[in-house]
Amino acid sequence: MVAADRISNLHEEIIHHIMSFLSFSEAIRMSVLSKRLNSVWRTFPLPVIEFDQELFEEKSKRPLDEMLDSVSERNIQKMSRFSDYTEDFLRRRGPDSFLRKFKLRTHCVFDVDRCVDYALENRVQELDIRSDKEENFSSLGRIVSINPEVFAAKSIRVLKLSGLELGIQKLILTDSLIEELSINHCDSLETVRVFSDKLLFFELRCGPRLLDIEIDSPNLQSLTFDGGDELTEEFRKINLGDLESLKSLSLRNAEIVIDLWIKENLSKLIGLENLSIEGCLYSSNVQISRPRLKNIEFLNCTEAVDLELVTPNLVSLCCSGIRPSSIRLTSTSTQCEVRISLKKKTKGFLILA
């Protein structure tokens, strides 16, 4: 005796309500139980769509690492199953008027633009595309690329791109509505220029090809730059405009002479409260005078240097790996915490004025 399928006969609104209690993957499994449920699934509002190839591969009989040991046409077909899965999912979906976030984490999706087009057609607000670069995949010729026109999308407020081929060497962002932008290891970039009144948070992690950076976004609150561990052939140009709203600035391996850069740029950052500098180049003397600075970090910096800080609201100063001959704190709060961790014993002194 076959049990009656009572759920499929319920009103669409009731089935939607049932699906709302399920996880994303559970709702998908439910949708394949009957033609009726599949039809209702097409109109079920999804605020978040997320594809993760790593989780998908965990369900495979063979781990991804084993598949990579021997690259063959058969293995390529196995790795393409995730692409087939995402394509089938998007094909079966109707318009998602409630789509807020679209996230894709992949190794070798062959048509990322199909996913991006779907997200943009449904006016997604947050788009997160990440490609986990694996050396073994390079032999497959499966570099994950994305259309750079995504930067001009009118609906996107949060854009996160990682490990992708952008197909451009120069990125110029103007009149954008993006409020949070993260670009990680998109190594084709050589020049980045950002002129946007809407941008609030910007994270840029790059390879050695990116040498020219200019940012003039008056409402920017947080800026993080990471130049990676591979050395560039020349010093980078990192020019900042009048970023009056900037509160947090982090520079790692920026390949700039930091005292010269500070003289040229720090005076324009009148609201700066947090400054972190790691692995940059120094000359003999670094002077920082910013009345609102509360936290300063100098990390993994090996050159001997004199630090002179005029920071009346400083709460925390951390020096790690640096070899200062002197640190002079002027007009600093009596509550300031100073932490110094040196890799080698060195002579030096601390002056509180």
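Helix α1 (residues 12-19) packs against α3 at an angle of about 80 degrees, and their axes are 10 Å apart. Axes here are lines fitted to C-alpha atoms, for helices over the stretch in contact, and angles run from 0 to 180 degrees between N-to-C directions. α1 and α3 are therefore roughly perpendicular to each other. Angles of 65 to 115 degrees count as roughly perpendicular, those under 35 as roughly parallel, those over 145 as roughly antiparallel, and the rest as oblique. From α1, the contact takes Glu12, Ile15, His16 and Met19; from α3, it takes Arg36, Leu37, Val40 and Trp41. Contact means heavy atoms within 4.5 Å. By class, this contact of α1 with α3 has 5 nonpolar, 1 polar and 2 charged residues. Ala, Val, Leu, Ile, Met, Phe, Trp, Tyr, Cys and Pro count as nonpolar, Asp, Glu, Lys and Arg as charged, and the others, Gly among them, as polar.

This is a predicted model, in which local features need pLDDT of at least 70, side-chain atom pairs count only at pLDDT 80 or more, and totals for chains, interfaces and linings use all residues. Residues are numbered from 1 along each chain as its sequence is written, and side-chain values use heavy atoms, with hydrogens and water left out. Helices (H or I, at least four residues) and strands (E, at least two) are DSSP runs, numbered from the N terminus.

Stay with α3. Helix α2 (residues 24-31) and α3 have axes that come within 7 Å and cross at roughly 135 degrees. That makes α2 oblique to α3. Ala27, Ile28, Met30 and Ser31 in α2 meet Leu37, Asn38 and Trp41 in α3. The contact of α2 with α3 has 5 nonpolar, 2 polar and no charged residues.

Next comes α7. The axes of helix α3 (residues 35-42) and helix α7 (residues 81-92) come within 9 Å and cross at roughly 80 degrees. α3 and α7 are therefore roughly perpendicular to each other. Asn38, Trp41 and Arg42 in α3 meet Phe89, Arg91 and Arg92 in α7. This contact of α3 with α7 divides into 2 nonpolar, 1 polar and 3 charged residues.

α7 leads on to the strands. It lies across β1 and β2 (101-106), and runs at about 165 degrees to β1. An open sheet of 12 strands has the order β1-β2-β3-β4-β6-β8-β10-β12-β13-β15-β17-β19, with parallel pairing. β1 (48-52) and β19 (337-341) stand at the edges with a single partner strand each, so one side of each is left without a neighbour in the sheet. Two strands pair if DSSP finds at least two bridges between them. Within the sheet, β6 (residues 180-184) and β8 (residues 201-205) run parallel and are joined by 5 bridges. Ile183 stands opposite Leu204 in β8.

A cavity is a set of points, on a 1 Å grid over the protein atoms alone, where a 1.4 Å probe fits but cannot get out; lining residues have an atom within 4 Å of a point. The whole structure holds 1 cavity of 30 Å³ or more. About 40 Å³ of space lies in the largest cavity. Such a volume is the space filled by probe spheres set on the points, which are joined across faces, edges and corners. β9 (212-215), β10 (222-226) and β11 (237-240) each supply at least two lining residues. β10 gives the largest share, 3 residues. The lining divides into 8 nonpolar, 1 polar and no charged residues.

Note on methods
1 Å grid on protein atoms, 1.4 Å probe; cavity = no way out; pocket = protein on both sides within 12 Å on 5 of 7 lines; lining within 4 Å.
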